[in-house]
Structure formats: C-alpha cells, structure tokens
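Here is a friendly walk through one model, from its overall build down to single residues. Please have your viewer open as you read.

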Amino acid sequence: MQTTTTSAAPPDSERSIQARDLTRIYRVGSVSVTGIEGVNLSVPAGQMVVLKGESGSGKSTLLSLLAGLDRLTHGALTVAGRDLSAPSDTELTTFRRHAVGMVFQAFNLLPTLTVLENACLPALLAGANPDTAHTKASDLLSWLGLNDRLDHRPSQLSGGEMQRTAIARALINDPGIILADEPTGNLDSHNARKVIALLADLNREFDRTVVVATHSDLVDPFATMVLALQDGRVAS
Ligand SMILES: Nc1ncnc2c1ncn2[C@@H]1O[C@H](COP(=O)(O)OP(=O)(O)OP(=O)(O)O)[C@@H](O)[C@H]1O
Ligand SMILES: [Mg+2]
C-alpha cells in the first residue's frame with residue numbers, strides 16, 4: 001500500500017478498546033437470550049486480536065457492539081476514544097462512518113454498484129469530495145490487486161475479490177480499528193490466506209488495531225492477543 005493510500009496511524013486513543021462488564025441480552029418475546037455477559041476487555045493501540053469460541057459463544061455479538069451496530073444492555077464501552085455506553089443515533093452513525101471499518105463473512109457489498117462505487121460509498125456518505133474519494137478508493141483497490149476490476153459488479157467477482165473490495169470499503173475513511181467477523185468463512189484456503197495476510201499487513205505495517213472473530217487458525221501466527229469466549233463470557 002502506498003503511503004498516500006492510508007494515512008499515518010491515528011492517535012493511540014483512536015485505536016484502542018475498553019469494555020467493562022459488557023453485556024448484551026437479547027429479548028425475544030418473553031425469552032431472554034444472553035449474547036455476551038460481563039465481558040472485560042482492554043485492547044491497546046496496534047494489537048491484532050483473534051476472537052475465538054464455539055458457535056453461539058458471543059463473537060458476533062461482541063463485534064457488533066464494538067462496531068456500533070448494536071447497543072449494549074449493561075456495562076461500559078469505549079471504542080476508538082468514543083463512549084458507546086449510551087450513544088445517540090447520530091453519535092452511532094458518525095462512529096460507524098469514521099472510527100471503525102467492518103468486514104463481514106458475507107461481504108455485504110451492494111450488488112448494483114461497481115467495485116469502485118462500493119469502496120467509495122462510506123466516504124461519500126461521510127461527505128467527502130467525490131474526486132478525492134475515487135482517487136483514494138482506486139489507490140486502495142490497486143493495493144488490494146483489483147485495479148483491473150474497478151467497473152465490475154460484485155456478481156462478476158470471485159469470493160476473494162469480493163472480500164478485498166469489502167476491505168477497501170472498510171479502509172476508505174481511515175479508521176484506526178478494523179473489525180472482521182469470520183472474514184474467511186466463505187473463501188477457499190488460498191483466498192482465506194490472502195485476506196488474513198492483508199489484515200496482518202494493516203496491523204503490522206500500518207499499525208491499525210485489528211479484531212478478527214474466526215473459527216480458523218489462520219490468524220494465529222499473526223495474533224498479538226487471543227480472546228476466547230465461552231457461553232458469552234471470557235473463558236478463563
Ligand atoms: N438477534 C438475536 N436475537 C436473539 N438471540 C441472538 C441474536 N443474535 C445472537 N443471538 C444469540 O446470542 C448468542 C451469541 O450469538 P453470536 O452470534 O454472537 O455467536 P457467535 O460466537 O458469533 O457464533 P458463530 O460462531 O456461529 O458465528 C447465541 O446464543 C445466539 O443465539
Ligand atoms: Mg458469529
């Protein structure tokens with residue numbers, strides 16, 4: 001990645017995470033389901049965290065809270081220097097646009113937009129100048145090996161190419177923290193390795209904090225912290 005593609009790492013506070021007694025209880029009708037409960041977490045800037053645990057242990061629940069996609073039921077949470085304990089809708093929207101980049105197992109690209117348009121979208125939503133956003137997205141997509149696919153739609157891409165497009169989209173607003181939920185879950189092993197190597201590059205070369213929830217052991221060699229969840233709690 002060229003230095004123009006991703007600016008210098010944001011300050012430490014914008015790359016760190018603190019959670020105290022973090023709890024998310026889902027209410028489904030009269031039933032309560034524990035997503036996570038009593039999670040304490042302190043992630044300093046520049047870590048590569050691997051989030052492990054059996055299916056249903058709370059990995060996606062935790063990542064959704066860290067990403068500002070969901071609200072906690074109880075506890076305290078600060079991500080990238082922003083207090084997410086009881087945010088307003090506006091605060092959450094701004095937070096999602098600027099503070100974190102999210103990568104999902106199912107890529108979540110918009111099918112009617114091209115690769116370039118998908119990558120640009122968060123910048124345009126944040127009010128960036130379209131020319132600047134296009135240049136930045138082109139640089140990122142070129143770093144990700146997609147410079148000859150800019151005008152293609154997601155349906156014309158392989159899974160690995162779709163995930164690299166999603167990584168460009170996650171990086172376009174220069175977040176200090178990248179959150180990835182099973183980013184290799186729909187990829188063959190070659191593309192899975194490539195995606196993990198890119199996330200590791202973002203961590204090692206560009207000092208971004210990266211949190212990856214995964215069942216795979218591909219991240220292990222790059223991880224600087226391991227957080228294991230069991231039944232919604234940090235496993236001892
Ligand atoms: N929207 C929801 N409504 C009700 N219960 C939910 C909801 N989302 C998650 N849960 C429950 O919360 C618990 C944790 O789920 P979560 O999706 O966080 O697990 P996970 O570790 O990501 O699992 P997987 O490895 O299968 O992705 C599970 O019992 C799940 O059924
Ligand atoms: Mg999950």
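This is a predicted model: local features need pLDDT of at least 70, side-chain atom pairs count only at pLDDT 80 or more; totals for chains, interfaces and linings use all residues.

Residues are numbered from 1 along each chain as its sequence is written, and chains are lettered from A and ligands numbered from 1 in the order in which they are written.

**Overall build**

The protein chain has six helices and ten strands; these are DSSP runs numbered from the N terminus, with helices being H or I of at least four residues and strands E of at least two. Its radius of gyration is 17 Å, close to the 18 Å that the globule rule gives for 236 residues, so the chain is as compact as a globular protein of that length. That radius is taken over C-alpha atoms, and the rule is 2.2 Å times the number of residues to the power 0.38.

Of the 236 residues, 42% count as buried. Buried means that 20 or more other C-beta atoms lie within 10 Å of the residue's own, exposed means 12 or fewer, and partly exposed is in between, with C-beta atoms placed from the backbone.

**Helix H4**

Helix H4 (residues 130-143) has 14 residues, which at 1.5 Å a residue should span 20 Å; its end C-alpha atoms are 20 Å apart, which agrees. The expected span is 1.5 Å times one less than the number of residues.

Which residues of H4 are buried? They are Ala133, Lys136, Ala137, Leu140 and Leu141. Seen down the axis of H4, they fall within an arc of 130 degrees, so they line one face of the helix; the arc is that of the directions from the helix axis to the C-beta atoms. The face turned away from this buried side carries the exposed residues Asp131 and Thr132. Just after H4, Gly145 takes a positive phi of about 80 degrees.

**Around ligand 1**

These elements each supply at least two residues of the shell around ligand 1:

| Element | Residues |
|---|---|
| Strand S1 | 17-28 |
| Strand S2 | 31-43 |
| Helix H1 | 59-66 |

The largest share, three residues, comes from H1.

**Thr209**

Thr209 sits in strand S8 (residues 209-213). Thr209 is buried, with 30 other C-beta atoms within 10 Å. Thr209 and Asn173 are 36 residues apart in sequence and 15 Å apart in space, C-alpha to C-alpha.
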